[in-house]
Amino acid sequence: MPNLGRREILKLGGMLAASGLPAAQAASPHDSTLKALEPVQQTVNFIYDGLHLTPWEYTQILQQYTESGNLQPDNYSNGGIIRELEQTFAHLLGKESAVFMPTGTLANHIAMRELAGQQRRVIVQAESHIYNDCGDCAQTLSGLNLIPLGSNRVGFTLEDVQEVFRTTRSGRVETQVGVISIETPVRRQYDAMFGYDEIRRIAHAARQAGIRLHLDGARLFVEAVHTGISPAQYAALFDTVYVSLYKCFNAASGAILAGPQAFTKDLYHVRRMFGSGMPQVWPCAAVALHFANDFLDDYRAAWQRAEELFQRLDAHPAFQGEH
């Protein structure tokens, strides 16, 4: 008899990814494209972070934009539809401004680099993407000293952070922590969530100590549906926040780094310094914009369908469900 636990199903590929409503039930602004995408719109998959659009499906969205006459190309990742993309996500995240980045790795790196300034110690999760999956880019390219906390755990606690504070104060050469970076949900822990209440405790202590905060929210919009806490509420606890454009919003690549206007104003210079002043990225922006405003509602509907699927499997005599 197959033994299908919900946790085990989700472990197959990360957080459930699904489209939302079929074309016939979807909101009207993108009806023509939704009709073209009807097969994928009715699919619930357990493997990818997004819809994993085929080249044909991807080009259908681009064709809709080009036929509308509203697609203005960017110039080296600035202006045109990129400006619209940045403004849209700044609004969704409740931040003053946002900057397009080609990858999440660069978005996280630049955020920590710029926030740290001369205080080069950065607290991160031991199981975070930043610490494990970026080839030590922050250490090698920006001289940051990453301090990993919470080994084999989803995150760390305020008490863990306070112990680091005590250690830094007691050194013969006092060296302050400049940044605390938090990833949630955590891919290496099967997309488990850090915990909003603990984030608030840590953020309050960091503010009192004059320490800046960065949120690696690659999949933040997914977590928001499960907690009922909006992306903007999460982002309000941090100076800067990164979200992926391909994990939830189906772009071929790309990321958004959002924060105060003063932080983002000239950040395109730093982006280009790292070799990422890409001449044109409008194909990424157009697809991300297509899904941006409706994602929360669509994912909420998709998760409801998943719950119905689990209930049917639980009730079927051929399966045994575990929670």
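Trainee: Is D136 buried, exposed or partly exposed?

Mentor: D136 is partly exposed, because its relative accessible area is 40%. Buried means under 20% relative accessible area, exposed over 50%, and partly exposed in between, with a 1.4 Å probe and protein chains only. Please note that this is a predicted model, in which local features need pLDDT of at least 70 and side-chain atom pairs count only at pLDDT 80 or more, while totals for chains, interfaces and linings use all residues. Residues are numbered from 1 along each chain as its sequence is written, and side-chain values use heavy atoms, with hydrogens and water left out.

Trainee: Where is the place of D136?

Mentor: D136 is in the loop between α7 (129-132) and α8 (137-142). Helices (H or I, at least four residues) and strands (E, at least two) are DSSP runs, numbered from the N terminus. The phi of D136 is near 55°, a positive value in a residue other than glycine. H52 also has a positive phi, about 55°, although it is not a glycine; H52 is in the loop between β3 (44-45) and α4 (55-68).

Trainee: Which peptide bond is cis?

Mentor: The bond from T184 to P185 is cis, with omega near -10°. P185 lies in the loop between β7 and α10.

Trainee: On to cysteines. How many disulfides does the structure hold?

Mentor: It holds zero disulfides, a disulfide being a pair of cysteine sulfur atoms within 2.5 Å. For C137, the nearest cysteine sulfur is that of C134, 4.7 Å away. C137 counts as buried, at 14% relative accessibility, and C284 counts as buried at 12%.

Trainee: Now the sheet. In what order do the seven strands form the open sheet?

Mentor: The order is β4-β10-β9-β8-β7-β5-β6, and the pairing is mixed. Two strands pair if DSSP finds at least two bridges between them. Strands of a sheet pair through backbone hydrogen bonds, either parallel or antiparallel.

Trainee: Which strands stand at the edges?

Mentor: β4 (97-101) and β6 (145-149) do; each has a single partner strand, so one side of each is left without a neighbour in the sheet. From one strand to the next, the twist averages 20°.

Trainee: How many bridges join β7 to β8?

Mentor: Five bridges join β7 (residues 177-183) to β8 (residues 212-216), and these two strands run parallel. The bridge partner of E183 in β8 is D216.

Trainee: What does helix α6 touch on the sheet?

Mentor: Helix α6 (residues 104-116) packs on the sheet and touches β4, β5 (121-125), β6, β7, β8, β9 (240-244) and β10 (255-259). Contact means heavy atoms within 4.5 Å. The direction of α6 makes about 175° with that of β8. Axes are lines fitted to C-alpha atoms, for helices over the stretch in contact, and angles run from 0 to 180 degrees between N-to-C directions.

Trainee: Which strands does helix α9 lie across?

Mentor: Helix α9 (residues 158-170) lies across β5, β6 and β7, running at about 160° to β7. Its 13 residues reach 19 Å from the first C-alpha to the last, close to the 18 Å expected at 1.5 Å a residue. The expected span of a helix is 1.5 Å times one less than its number of residues.

Trainee: Which residues of α9 are buried?

Mentor: The buried residues of α9 are L158, V161, V164, F165 and T168. They cover an arc of only 120° around the axis, which puts them on the same side of α9. The arc is that of the directions from the helix axis to the C-beta atoms. What covers these residues includes β5, β6, β7 and α10 (196-209).

Trainee: Next, R120. What does R120 touch, not counting residues up to four places away in sequence?

Mentor: R120 touches R113, S142, G143, L144, N145 and Q176, with that exclusion. R120 is in the loop between α6 and β5 and counts as partly exposed at 27% relative accessibility. R120 and S142 are 22 residues apart in sequence and 8.9 Å apart in space, C-alpha to C-alpha.

Trainee: Finally, how many helices and strands are there in the chain?

Mentor: The chain has 16 helices and 11 strands. Of its 323 residues, 51% count as buried.
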